[in-house]
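Keep the viewer open as you read.

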Amino acid sequence: MYFESHAHYDDRRFREDREELLTLLPSCGIDYVVNIGCDVKSSKQSIRLTEKYDYFYATVGIHPHELYDMSSQTIAELRRLSAHKKVVAIGEIGLDYYYDTHPRELQQFWFRQQLRLAEEVQKPVVIHSRDASQETFDIIKSSSVRQGVIHCYSGAWQMAMDYVDMGFYIGVGGVVTFSNAKKLVEVVEHVPLEKILIETDSPYLAPNPNRGKRNDSRNLEYIVNKIAEIKNLSPENVAKVTQDNAKSLFF
C-alpha cells in the first residue's frame, strides 16, 4: 500500500527494537522503504539493511552536516557503494544553512561534487535543503541532474512547481499534519499528486497525533490521509499514486 521514500532505520533510536519493527512493517501495509545514507557509515548500514529485508532499498551520500572528513576518497567510496544492486539514489545531499555546521562555500562545493557523481552513475538524487532554498535550486539547475526528490520540502509552492518543471518530485512528510503547516499545505494544493512522494524521515518529524514521539513508517497513514483531505481524494488513491511515483523514480 505505502512506499516509504525516506527513512533512517539505521539510527540509534531503533537500536532496541529494530529487527522486531522492520519484520512487522510489511504486515502494516509498508511495501517498500528507501533507507537514506547521510555519511559513509550510514550508507553502508543502509546497504546492509537491504540485504536483510527484501522490501528495503538504500541511498548513499553525505549530508551537509557530515562533511568533516569529506575528500575525493569519500566520493570514490560513494561511487563504489552506488554500484550495489539495491542502491537507488545518491543522497541525502544538499545545503543546510540553519545550523551552518560547515562553511557555506564548503557545503556548496561538495553538493556540486555529489551531483556530478549522480550524473556519472546515472542515479537520481535525494536533496536536503534547509534555509537555503534559492542556493539549492540554483546549484541543481546549473547541473544536468533532472531526476530526484526534494526531501521534506519546506519552500514556497511556486518554487516547488519550478522543481516539478525540472523533473523533480516533492517529498511530503509529517509536517503537513501540523497546525502551522500553511506553506506546505499550499504546496500540496498546487503540486500534482503525480509529482509527490510520501516520507516519514523516521525517527524524526512524527505527524500528528504522534508529534514528538519516535517516528516510523506506520505513520505514513496520517500523511496520506492529510494529502487526501487537501486534494479531496481518497486515501487509497493517494497511496497508489505516490507508490507509483516512487517506483518510477527509484526503479
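Before anything else, a working rule: a residue is buried if its relative accessible area is under 20%, exposed if over 50%, and partly exposed in between, using a 1.4 Å probe and protein chains only. Helices (H or I, at least four residues) and strands (E, at least two) are DSSP runs, numbered from the N terminus. What you're looking at is a predicted model, where local features need pLDDT of at least 70 and side-chain atom pairs count only at pLDDT 80 or more, while totals for chains, interfaces and linings use all residues. Residues are numbered from 1 along each chain as its sequence is written, and side-chain values use heavy atoms, leaving out hydrogens and water.

Start with helix H6, residues 157-166, where Met159, Ala160, Tyr163, Val164 and Met166 are buried. Looking down the axis of H6, these buried residues fall within an arc of 160 degrees, so they line one face of the helix; the arc is that of the directions from the helix axis to the C-beta atoms. What covers them? Helix H5 (133-142), strand S6 (148-150), strand S7 (169-172) and helix H7 (182-190) are among the elements over the buried residues of H6. Contact here means heavy atoms within 4.5 Å. After H6 comes Gly167, with a positive phi near 115 degrees.

On the H3 side, the contact includes Ile75, Leu78 and Arg79, and on the H4 side it includes Trp110, Gln113 and Leu117.

Next, Leu22, which lies in helix H1 (residues 18-24). Leu22 is buried, at a relative accessible area of 1%. Setting aside residues up to four places away in sequence, Leu22 touches Tyr9, Leu49, Tyr53, Tyr55 and Phe56.

Last, the cysteines. With a disulfide taken as a pair of cysteine sulfur atoms within 2.5 Å, the count is zero. Cys38 is in no disulfide, and the nearest cysteine sulfur, that of Cys152, is 12 Å away. Cys38 counts as buried because its relative accessibility is 16%, whereas Cys28, at 33%, counts as partly exposed.
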